[in-house]
Each structure stands twice: as structure tokens, then as C-alpha cells.
Amino acid sequence: MSAETGINFDSETSTLKKVVQIIECMKNKFTFCTLAVGILLMGCVTGKSGIVLDPVGPTAPQPAAVHSRTGTLTVYSAFDVNADFNSRDPYRGEYSNYRIYSRDGKLLQRIQNDNGSNFGSPAEVSLAPGQYRVVAHANGYGMVTVPVVVTENRVTTVHLEGGSPDDIARNDD
């Protein structure tokens, strides 16, 4: 700064340093904005979550008749992780609740998966013969979708509480 005029003369070097600082600041802001947008977009990615398994039930599905008898569906879903301290026995494991959908994806029932006995058995659901989709928690896999076939006078059992993939489903006579 000149003492006589009070005018500040910047050298080329200090101006260049300021330009470099501004560019570095812009790079940092650009990187931060790009990272923030990426994180937000990852959070927006949605879709059907979970695993879709092969159909469970007899190989030849029976179409539902208007006045047909019913079949039974029993789902051994993963145990519920939340303790119910209002239940008769808060230490008893309870199977997690699940949903039953029609073949075309319409929600038919929400099942509270407890039959009310002291043994902690899952609920048995009477359904018209046909094809359904069960969406439930599977031990070690999170939410899964299991296509099931319910036939007249038979029990279709789905095991999601643990074990090997061969133990997932069976039809009992």
C-alpha cells in the first residue's frame, strides 16, 4: 500500500493465489454437492424388496370353485424380534405376522401369526383352493415372497424360521 495515495496494489502472485483458493473452494463445493445428490438419489431408489421364492404346493393347482371346500395354510415365519410384555408369557417366542396376496397382487389378509395356544404355534388360515403369495419375514433373509398353492382338504406348510432351503415348504395330508 502506498503511504501517499492510500491505494492498495496487489501483486500478480497474490491475485493468482486468490484465484486458486476460489477454484479449490468451488471444487470442494462441487464434490460435496455431487456426493449429497448421490446419497439422496440412492435413498430414492425403491422397488419391491426381498426375495421371491419358487411356488409352494402341489404341481397341478386346483382352480377355486364357487362352493368348494377350503384348504389350510400354515406359515412358520421368523420369530418376532419385539417382545410382547402384555402377552401371557413374554418369554415365549412368537412368529412374525405376514400378509397373504392374491395371485395378481391384491392384499387379501393380514395374519397375526399366533394361534393363541401356550405352545406358540403359528396361526392356521383357511383359504379357498388356489394360488396365493405370502409375504413374510424369513430367518436370515428379511422379507420374502413365497408363491403358495392351497388345495382342498390339505395343509400347505411354509417354513421360514430357519433350516435349509429344502425345508421351506411341504404339503401335509
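Which residues does S96 touch, not counting residues up to four places away in sequence? In this predicted model, S96 touches S77, A78, F79, D80, N113 and H137 under that condition, and the setting of these contacts is taken up again below.

## Model and confidence

The structure is a predicted one, and the mean pLDDT of the protein is 75, with 64% of its residues reaching 70 or more. Among the elements, strand β3 (residues 98–102) has the highest mean pLDDT, at 95, whereas strand β9 (residues 169–172) has the lowest, at 51. Where pLDDT is low, the predicted coordinates should not be read in detail.

## Overall composition

The protein has one helix and nine strands, and along the sequence these elements follow the pattern α-β-β-β-β-β-β-β-β-β. Of its 173 residues, 27% count as buried, and the protein exposes about 12400 Å², of which carbon and sulfur atoms supply 55%. When contacts between residues at least 6 apart in sequence are considered, 54% of them join residues at least 24 apart.

## The five-stranded sheet

An open sheet with mixed pairing is formed by five strands, in the order β1-β7-β6-β3-β4. Its edge strands are β1 (51–52) and β4, each of which pairs on one side only.

In soluble globular proteins, nonpolar side chains tend to be buried together. Here the largest nonpolar core has 19 residues, and those with the most contacts inside it are L73, Y98, I100, V148, V158 and L160. The elements that give two or more residues to this core are β2, β3, β5 (124–127), β6 (130–138) and β7.

Y98, one of the residues with the most contacts inside the core, is in contact with L73, V75, Q109, R110, I111, N113, A123, V125, V134, V135 and A136, once its neighbours within four places in sequence are left aside.

## Two buried positions: S96 and G71

S96 lies in the loop between β2 (71–76) and β3. This serine counts as buried because its relative accessible area is 5%, which falls under the 20% cut-off. The side chain of S96 also has a polar atom that lies 2.8 Å from the backbone oxygen of A78, and A78 is among the residues that S96 touches.

G71, by contrast in location, has its place in strand β2. With a relative accessible area of 0%, G71 is buried. Leaving out residues up to four places away in sequence, G71 touches V125, S126, L127, V150, T151, N153 and R154. The C-alpha atoms of G71 and V149 are separated by 9.5 Å, although these two residues are 78 residues apart along the chain.

Conventions: Residues numbered from 1 in each chain as written. Predicted model: local features only at pLDDT ≥ 70, side-chain atom pairs only at ≥ 80, totals over all residues. Heavy atoms only, no water. pLDDT = per-residue confidence, 0-100. Helix = DSSP H or I, 4+ residues; strand = E, 2+ residues; numbered from the N terminus. Buried < 20%, exposed > 50% of the residue type's maximum accessible area, 1.4 Å probe, protein only. Polar contact = N/O pair within 3.5 Å; in protein donor to acceptor, adjacent residues only side chain to side chain. Contact = heavy atoms within 4.5 Å. Areas by Shrake-Rupley, 256 points an atom, 1.4 Å probe, with all protein chains shown as cover. Pairing = 2+ DSSP bridges. Core = buried A, V, L, I, M, F, W, Y, C linked by side-chain atoms within 4.5 Å.
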